[in-house]
Amino acid sequence: WVGTSQRGLNRFDPTTEQFPRYQHDPADPHTLSNNQVINVLEDRAGELWIGTMGGGLNKFNRETMKFTRYQHVATDPHSLGHNSVISICEDHTGTLWLGTIGGLDKFDRKNNQFVHYTTKHGLPSDPIMGILEDEQGRLWLSTANGLSRFDPRTESFRNYNVSDGLQSNTFLNFSAYSKSQSGEMFFGGSN
């Protein structure tokens, strides 16, 4: 599965060595919501989640070949917080966490509702570039203004900046973030 900057979601077919393409069709609400795909996550259940720039979150059903869209609705406080979904993480409990331009979102799959966390709740900035989970179940978030550790149990943030030894306070859109097998975390930034 490959997310592209303008051509939607692509799947490599090793048999034909071709890339079938799934793209946005304005006339069909069951297509991809936006052709600018930022990230793709396959969860433990094998469901495919696609974050887009400006189109929100999509879930792809491989059997029906249809997409379910989750988007921001200004009148619904339980909708997605922002339609630009930069990072997606499934934690050890199976909860989906979304890093958006507008903050951190927790997705309640049973009720199809989102809980939002922003600078009002303690984030150093609203844009969340990357999300990784540590061995204690805490989330580490690279942001536009430093690194933040979020404890889902207490819903509290601990923020880090250059005075704590960071390369810079700036972690950029589409920056690398990865966790090694030993648990070490890496976040790409401006320096």
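**A hairpin, an open sheet and some aromatic pairs**

Let's start at a hairpin formed by β10 and β11, where 4 residues lie between the two strands and N112 in the turn has a positive phi of about 55 degrees. Keep in mind as we go that this is a predicted model. The two strands, β10 (residues 103-108) and β11 (residues 113-117), run antiparallel and are joined by 5 bridges. Within this pairing, L104 stands opposite Y117 of β11.

Y117 also leads us to the aromatic residues. Its ring and that of W97 have their centres 6.3 Å apart, with planes at 35 degrees, so the pair is tilted. Because W97 lies in strand β9 (residues 96-100) and Y117 in strand β11, the pair ties together parts that are 20 residues apart in sequence. Both W97 and Y117 are buried.

The whole structure holds 18 aromatic pairs. Another of them is F12 with F19: the ring centres are 5.1 Å apart and the planes meet at 50 degrees, so this pair is tilted. Here F12 is partly exposed, at a relative accessible area of 40%, and F19 is partly exposed at 44%. Elsewhere, W1, Y22, F60 and F67 make up one aromatic cluster.

Now follow the chain to an open sheet of 4 strands, ordered β12-β13-β14-β15 and paired antiparallel. β12 (128-133) and β15 (156-160) stand at the edges with a single partner strand each, so one side of each has no neighbour in the sheet. From one strand to the next, the twist averages 25 degrees. β12 pairs with β13 (residues 139-143) over 5 bridges, and G130 has S142 in β13 as its bridge partner. Finally, take a look at R158, which lies over the face of Y160 at 4.1 Å from the ring centre.

Conventions: Residues are numbered from 1 along each chain as its sequence is written. This is a predicted model: local features need pLDDT of at least 70, side-chain atom pairs count only at pLDDT 80 or more; totals for chains, interfaces and linings use all residues. Side-chain values use heavy atoms; hydrogens and water are left out. Two strands pair if DSSP finds at least two bridges between them. Axes are lines fitted to C-alpha atoms, for helices over the stretch in contact, and angles run from 0 to 180 degrees between N-to-C directions. Rings of Phe, Tyr and Trp (its six-membered ring) pair if their centres lie within 6.5 Å; planes under 30 degrees apart count as stacked, over 60 as edge-to-face and the rest as tilted. Buried means under 20% relative accessible area, exposed over 50%, partly exposed in between (1.4 Å probe, protein chains only). A charge sits over a ring if NZ of Lys or CZ of Arg is within 6 Å of the ring centre and within 35 degrees of the ring normal.
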